[in-house]
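My notes follow in the order in which I checked things.

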Amino acid sequence: MSAAPTARHAAITSVGHFLPETRLTNGDLEEMVETSDEWIRTRTGIEERRILTDDDKATSYMATEAAQEALDKRGLAPDAVDVIVVATVTPDMLFPATACRVQDNLDASNAWGFDLSAACSGFIYALTTGAQFIESGRAETVLVIGADTMSSIVDYTDRTTCILFGDGAGAVLLEADAEAGLHDAVHHVDGEHGDLLRMEGGGSLHPPTHATVDAHMHYLDQAGRQVFKFAVTRMADVCEEVLERNDLSADDVDYLVPHQANQRIIDATAARMGLASDQVMVNIDRYGNTTAATIPLCLFDWEEELQRGDDLILTAFGGGFTWGAAHLTWAYD
Ligand code: COA
C-alpha cells in the first residue's frame, strides 16, 4: 500500500527589502502643492515616503536589492532560483520584462520569469501565481517580488495623488513545506471601474505623443473618493470570504497584512474582522503607498515577531479593479 501523499505548501522562507534613502515628508509636499501635514496625516495616515532619486536606477534595481537580501538571509545562491515573478506597474520599460533584468542582475542562471500587472494587488496575485509552481512540484525555489517606482508616474502638481505614493521593493522566497505556507487565496477583478484608477497614456491605446504628454496621460490618475468607497468594502468583504471558506474566525488570526493605501481603509478592514491594532501590520506612515511593495515590506518589518505556525491574512485592493485575500501560516522563527 502506498503512503498517503504529503501536502506541499508554498511557504515563505525569507524576506528581503529595499527602500531608497531620500525621504519626501509632508513638510516637503507643503512646499510643492497646496496641502498641509495635518490634512495628509488625518486623511491618509502618511507622514513620509521614500523616493528613488538616482536617474540611472529604476524598479529592477530595487527589486534586485530586495531579492538579493532574501537570498542572502536564506543562504541560497542565485542559481538555486527556478522562477522570478515581479509584480509592478512601473516596469523599467514595457519590455524586456523587469524580471529579465532582475535575473541578469542576480545572475540567476537557472531561472525564468515574468512581470505581473495587478496594481496594488500585484503582490498577492504574484504570491498565488508563484505558489502554484511550488505546489505543483514544477519548481523548488521561487522569488516573488513586489516593486514599484511610483515617483516615475506621479504628477507632483496634483495634490490629490502626489501625497499618497512612495517607492520601494520587497521580495519573498517560496519553498515547499509540508505544513506551513499558503493555504488559500481569493481573487477578484472588476474591469468596469478601470477608469477610476489608471495611467492612460503610453500603451497601445494612447502611444506616447506630445499630445499625450501635454495632457498628463503618462501620470497616474485616480478618482480618490470613489476608489475609497470600493476599497473599504471590497477589502473587508474579501477577508470575510477567505475566513469563511476556511472555517476561520478572528480568534484564529494572528496578523492582518493589508495593502497600505489609506490608514482609514486599514482600520475599517481590521474593525470588520474584529482585530486589535497590534495585530495589524502598518507601514503607511513611513513609506506611503508603495503599490506592489507594501505587503512584503510589512512582512520584512514584522519578521522578528513572527513565529512558525502564526496565521496571517494578506489582503489588497487596487486599480483594475483588482482585489484579493490570502490565508497563510508562517514557516520560520
Ligand atoms: N491636501 C488638502 N486638501 C486636499 C488634498 C490635499 N492633498 N487632496 C484633496 N483635498 C481636498 C479636496 O479637493 C476636497 O476639497 P473640497 O471638499 O473642497 O472639494 C477635500 O480635500 C476632500 O477630498 P476627498 O477626495 O473627498 O478626500 P478623501 O477624504 O476621500 O481623501 C484620498 C482623499 C485620496 C486620500 C482618499 O480618497 C483615498 O485614500 N482614496 C483611495 C485610495 C485607494 O485606496 N486607492 C486604491 C489602492 S491604490
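Entry 1: I am working from a predicted model. I looked up which domains give residues to the shell around the ligand. Domain 1 (9-178) and domain 2 (183-329) both do, so the ligand lies between them. I noted that these two domains are how the protein chain is divided.

**Entry 2: the shell.** I listed the residues surrounding the ligand and got 23. The closest are Thr 35, Arg 43, Arg 159, Arg 225 and Asn 262. I then sorted the shell by class: 11 residues are nonpolar, 7 are polar and 5 are charged.

At least two shell residues each come from α2 (37-44), α6 (159-162), α8 (224-245) and α9 (263-273).

Entry 3: I went through the polar atoms around the ligand. For Thr 35, I found a polar side-chain atom 2.7 Å from a nitrogen atom of the ligand. For Asn 262, a polar side-chain atom lies 2.7 Å from an oxygen atom of the ligand. I then looked up how much of the ligand is covered: taken alone it exposes 960 Å², and the protein buries 76% of that.

**Entry 4: domain against domain.** I turned to the two domains themselves. Over C-alpha atoms, the centres of domain 1 and domain 2 are 14 Å apart. I recorded 50 residues of domain 1 in contact with 45 residues of domain 2. The size of an interface is often given as the accessible area lost when the parts come together, and I looked that up too. About 3700 Å² is buried between domain 1 and domain 2, with carbon and sulfur atoms giving 63% of this area. Which residues of domain 1 lose the most area to domain 2? I noted Cys 120, Ile 124 and Tyr 125, which together make up 17% of what that side buries.

**Entry 5: backbone checks.** I looked for cis peptide bonds and wrote down the following. One joins Phe 95 and Pro 96, with omega about 0°. Pro 96 is in the loop between β4 (83-87) and α4 (98-106). Another cis peptide bond joins Gly 320 and Phe 321, where omega is about -15°. I placed Phe 321 in the loop between β12 (311-318) and β13 (322-329).

I also noted the phi of Ala 119, near 50°, which is a positive value in a residue other than glycine. Ala 119 belongs to the loop between β5 (112-116) and α5 (122-135).

Note on methods
Residues numbered from 1 in each chain as written. Predicted model: local features only at pLDDT ≥ 70, side-chain atom pairs only at ≥ 80, totals over all residues. Heavy atoms only, no water. Near = heavy atom within 4 Å. Polar contact = N/O pair within 3.5 Å; in protein donor to acceptor, adjacent residues only side chain to side chain. Areas by Shrake-Rupley, 256 points an atom, 1.4 Å probe, with all protein chains shown as cover. Helix = DSSP H or I, 4+ residues; strand = E, 2+ residues; numbered from the N terminus. Nonpolar A, V, L, I, M, F, W, Y, C, P; charged D, E, K, R; others polar. Domains from an automatic or database assignment. Contact = heavy atoms within 4.5 Å. Buried area = accessible area lost by both parts, 1.4 Å probe.
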